[in-house]
Amino acid sequence: VHDEEKISEACATVIDRLVSFDVDQEIVSRLSLLEQHYDVFLSYSHFNEDIAKRVIKELRIYQPDINIFIDTAELKAGGAWQQALYEAIDRSQVMVALISGHYLRSKVCIEELSLGIALQCQGTARLWPVVIEPLSDNLPWLKLISPVECFERPDQQECSTLTGLCKNILKDIHESNLPSVVEKEVTTLTTTLEQVRKHIPSENQFIPTITKGIMLLQESEGPPSSQSRKLIPNHVDIYLLCSEEDAKYCQWFCQLLISQNQSLIIKKSLEETNSSRLSYLETSSLVIPLLSPSFISSAELVHELNIAWCRQRYAEEFCFLEIILDSLPVKPTYAHLLPCFFNCKDKHWEDSAEIKDKPSCLENLGTTHDVPEEVIHCFLSAIKCALSWITSKECSIWGLHNKLSNCLYFGNCLQYLTKTSTGPDKR
């Protein structure tokens, strides 16, 4: 009996702690240890930890005080550490990616590489892709980043040695004056992603063309078979994440959703406690973050965004649908690369034809809140995608829904699409 009382007291303490959990303070305390700048971010698979240690040893032989970020504790499992890793990439001068078969089969490693590619395209960091073993995969996108081979090959007499490689990396760090982000460079990244979003609804073969080149694991070719909506206690169809400053957008979206399907169970982060918010991130059929500058400035919302994305990375089903309300700040870079197919600022929403068969609630939205037409277009398209998944398990963006955007490869696909397109709309 005495033990049971102790257990009951302990359970009560845990419950109180969870209910009173302060996400902002917890995340600030975790990330404060990592808020520094690094000379090198070393990206590698933990199956290749021995080579990673050799690289660190070589670098420190020639520069003992070099500041290297390396994940030696396999911190890639949770949302908070995921955020810390990705922000560390943003604060690194050089990323060294040790590419192997295991690396290419790791979703997190590929995400880190996608971030490194984006930073190099922007001119804010240098990427050193290093192939450390023969690769059997014929990956066209890998050739685009001109990887350096650093292993022995029978048919090749000359090959970069680890010592020579590390010397060149240090030389790159010392001699390069990395430019600050300028408007032109940011525009290149945002324009590429906008063009991808523009082609997705109009080109039936665009997504299969892209995914054919970037799918690395044995993933299913399509969504799971149709299932009935879950009939479990406290089930939620859609959970909306948004900042207080964007409450009006959240309300518009909810009204449009209900006008299309009145049986939906919808929850909004603005109306929930900390414990219920964390619960809905894991259990809702679909988490929909409404991203904006005010969203990104909130440590609590960014933490929840990372939890939702961490769930989608490993989930078999589609459970993360991001919508961008307004232009995001340059950093963090990963916020731009999260799979987003609905951005209210994209120009093609302005060029869309007038909405036919408008939901009755739109007239009230337009007169009372002055909702921009392009926002309505974007919201209705996103709602169509969400309802298609929730009601019939159909997903038009399957294959890109669980990967960070590889902007270099996307740009290459757009060029291919332009060359092969036919008809009067050819550009």
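**Exercise 1.** What percentage of the 427 residues in the chain is buried?

*Solution.* The model is a predicted one. A residue is called buried when its relative accessible area is under 20%. Buried residues make up 51% of the chain. The accessible surface of the chain comes to about 21500 Å², and carbon and sulfur atoms hold 50% of that surface.

**Exercise 2.** State the strand order of the open sheet of 5 strands, then find which strands stand at its edges.

*Solution.* Step 1: the chain has 19 helices and 10 strands. Step 2: the open sheet of 5 strands runs in the order β2-β1-β3-β4-β5, with parallel pairing. Step 3: β2 (68-70) and β5 (148-149) each have a single partner strand, so they stand at the edges and one side of each is left without a neighbour in the sheet.

**Exercise 3.** Describe how β1 pairs with β2, and say which helix lies across both.

*Solution.* Step 1: β1 covers residues 38-43 and pairs with β2 in the parallel sense over 3 bridges. Step 2: within this pairing, Val40 stands opposite Ile68 in β2. Step 3: helix α3 (residues 49-62) lies across β1, β2 and β3 (92-99). The angle between helix α3 and β2 is about 170°.

**Exercise 4.** Are Glu87 and Arg91 buried or exposed?

*Solution.* Step 1: Glu87 forms a salt bridge with Arg91, the closest N and O atoms lying 3.9 Å apart. Step 2: Glu87 has a relative accessible area of 17%, so Glu87 is buried. Step 3: Arg91 is at 17% relative accessibility and therefore also counts as buried.

**Exercise 5.** Which parts of the chain does the salt bridge of Asp172 and Arg126 tie together?

*Solution.* Step 1: the side chains of Asp172 and Arg126 meet at 3.9 Å, N to O. Step 2: Asp172 lies in helix α8 (residues 162-175) and Arg126 in strand β4 (residues 126-131), so the pair ties together parts that are 46 residues apart in sequence. Step 3: Arg126 is partly exposed, at 26% relative accessibility.

Terms used
Residues are numbered from 1 along each chain as its sequence is written. This is a predicted model: local features need pLDDT of at least 70, side-chain atom pairs count only at pLDDT 80 or more; totals for chains, interfaces and linings use all residues. Side-chain values use heavy atoms; hydrogens and water are left out. Two strands pair if DSSP finds at least two bridges between them. Helices (H or I, at least four residues) and strands (E, at least two) are DSSP runs, numbered from the N terminus. Contact means heavy atoms within 4.5 Å. Axes are lines fitted to C-alpha atoms, for helices over the stretch in contact, and angles run from 0 to 180 degrees between N-to-C directions. Buried means under 20% relative accessible area, exposed over 50%, partly exposed in between (1.4 Å probe, protein chains only). Accessible areas come from the Shrake-Rupley method with a 1.4 Å probe; for residues, only the protein chains shown count as cover. A salt bridge is a side-chain nitrogen of Lys or Arg within 4 Å of a carboxyl oxygen of Asp or Glu.
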